[in-house]
Amino acid sequence: MRKYVMHAICTASQSPDDPDRMCDALPCTQPKGACTWINCDVCGRWVDCNCVNISDPKSIKDYVCVICTAIYT
């Protein structure tokens, strides 16, 4: 299952024209600065909270992104 999820994530990934304008969540279209940000404690990827359905990032002590979750669990 992990290999399938990792393959699906890598297949769906795309390189944005301007990487500073997008978060690392797939498929994000929110420009940076438009919302609250949280970073993965494992790999350091930054995602905006709207893309990962987090309403209050201060309530989350340790955040692990879906890519690290697929790889390491």
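In which strand is the place of Asp48?

Tutor: Asp48 lies in strand S2, which covers residues 46–48; helices (H or I, at least four residues) and strands (E, at least two) are DSSP runs, numbered from the N terminus. The model is a predicted one, in which local features need pLDDT of at least 70 and side-chain atom pairs count only at pLDDT 80 or more, while totals for chains, interfaces and linings use all residues. Residues are numbered from 1 along each chain as its sequence is written, and side-chain values use heavy atoms, with hydrogens and water left out.

Asp48 has a relative accessible area of 0% and is therefore buried, where buried means under 20% relative accessible area, exposed over 50%, and partly exposed in between (1.4 Å probe, protein chains only). The side chain of Asp48 reaches the backbone nitrogen of Cys51 at 3.0 Å.

Taking contact to mean heavy atoms within 4.5 Å, and leaving aside neighbours within four places in sequence, Arg45 is in contact with Asp24, Ile38, Asn39, Cys40, Cys65, Ile67 and Cys68.

Cys40 in turn touches Arg45, Tyr63, Val64, Cys65 and Cys68, when residues up to four places away in sequence are not counted. Cys40 also belongs to the largest nonpolar core, which has 13 residues, and is among those with the most contacts inside it, together with Cys23, Ile38, Val47, Ile54, Tyr63 and Cys65; such a core is a set of buried Ala, Val, Leu, Ile, Met, Phe, Trp, Tyr and Cys residues joined through side-chain atoms within 4.5 Å. In soluble globular proteins, nonpolar side chains tend to be buried together.

Val64, another partner of Cys40, is found in the loop between S2 and helix H2 (66–72), and counts as partly exposed because its relative accessibility is 38%.

For the setting as a whole, the protein chain has two helices and two strands, which follow the pattern α-β-β-α along the sequence. Of its 73 residues, 23% count as buried, and among contacts between residues at least 6 apart in sequence, 25% join residues at least 24 apart.

Key:
Polar contact = N/O pair within 3.5 Å; in protein donor to acceptor, adjacent residues only side chain to side chain.
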